[in-house]
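Let's take a look at how aromatic rings pair up in a protein model. Have the sequence and the 3D view ready.

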Amino acid sequence: MELRQVRYFVTVAQELHFGRAAERLHIVQSAVSQQIRRLERELGTDLFDRSARQVRLTAVGERFLPEARALLAAEQRALAVVAELTAGRARALRLGTSTGLGAHLDRVLDALAGIAPEIGVELVSVRARERLDRVASHELDAAFLRGEPDSGRRDGLSFVPLWQDPLVAVVPARHRLAAVPGSVSLAELADVPLVLTERRNNRALVDLVVNACQDAGFTPLPGPTYGSLDDTLTAIGAPGVPAEGLWTVVYAAHAARLSTPGSPSCRSATSAWNSPPTSRYAAPTRPPDWTCC
């Protein structure tokens, strides 16, 4: 049974005339008659009585008519659901982000609003590894990523370089280096435990920082780990932590927003970041509904 046949049946039942039904359906009468006959053969019974001058529904046809209408109504509901979901995807860009994008993200959102004001943006903040997984599975439309992705995580995704963002060292506000004007030497932090996320969470960042420390002549002392950057900064700036206690790194765009009183001090470290991480825009190789440059 085809929905087309059901639609033809309902139209003929409403008109009780094959010619008028064909006019409403914008097809020739013979096509309507042919499809009704096929439907009747499939059901194994007549739906219309054609013996008199006027077409009439048979008893089976009368019982079948409300079910046929319900079937067509269900079709319309299904189409409406799909249309609503499709329209929703077109209006909302699901964008994976991370802490520290700062003014860069503001510029991207402002540019998008100018290019396509009808598109809303849903910002989803998750770890870098999960961001790529979600883009690959189309749970996200695109995501920002710092550094180079693992070679095995490129399949089906395209990466567009966007900007380079310098790193700065973060020390307690009462640390002796916080009062030093200008940049400081990275080697001056050799005796201070370094707080970083686990390598599996952000391979590019961890490798860059550790390699920079080794280039400066030391292997960083491992400090405690915390669940988020906010927790790390809170721990570094906590009153009970010794002045020389801990240090970490943040991107310069994020450091610009850490200027509140009592916050840890952000210092530029000389000879530390020979190649600042490049932020990239990751998206499916063939985005389903939109493009972005």
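Which residues do ring pairs link into a cluster? They are Phe9, Phe18, Phe48 and Phe64.

A quick word on the ground rules: this is a predicted model, where local features need pLDDT of at least 70 and side-chain atom pairs count only at pLDDT 80 or more, while totals for chains, interfaces and linings use all residues. Residues are numbered from 1 along each chain as its sequence is written, and side-chain values use heavy atoms, leaving out hydrogens and water.

Rings of Phe, Tyr and Trp (its six-membered ring) pair if their centres lie within 6.5 Å; planes under 30 degrees apart are stacked, over 60 edge-to-face, and the rest tilted. By this rule there are four aromatic pairs. Here are two of them, both tilted:

| Pair | Centre to centre | Angle between planes |
|---|---|---|
| Phe9 and Phe64 | 5.1 Å | 55 degrees |
| Phe144 and Trp163 | 5.9 Å | 35 degrees |

Now for where they sit. Helices (H or I, at least four residues) and strands (E, at least two) are DSSP runs, numbered from the N terminus. Phe9 belongs to helix H1 (residues 3-15) and Phe64 to helix H4 (residues 59-91), so their pair ties together parts 55 residues apart in sequence. Phe144 is in strand S5 (residues 142-146) and Trp163 in strand S6 (residues 157-164), so this pair joins parts 19 residues apart in sequence.

Buried or exposed? Buried means under 20% relative accessible area, exposed over 50%, and partly exposed in between (1.4 Å probe, protein chains only). Phe9 is buried at 0%, and Phe64 is buried at 16%. Phe144 counts as buried at 2%, as does Trp163 at 14%.
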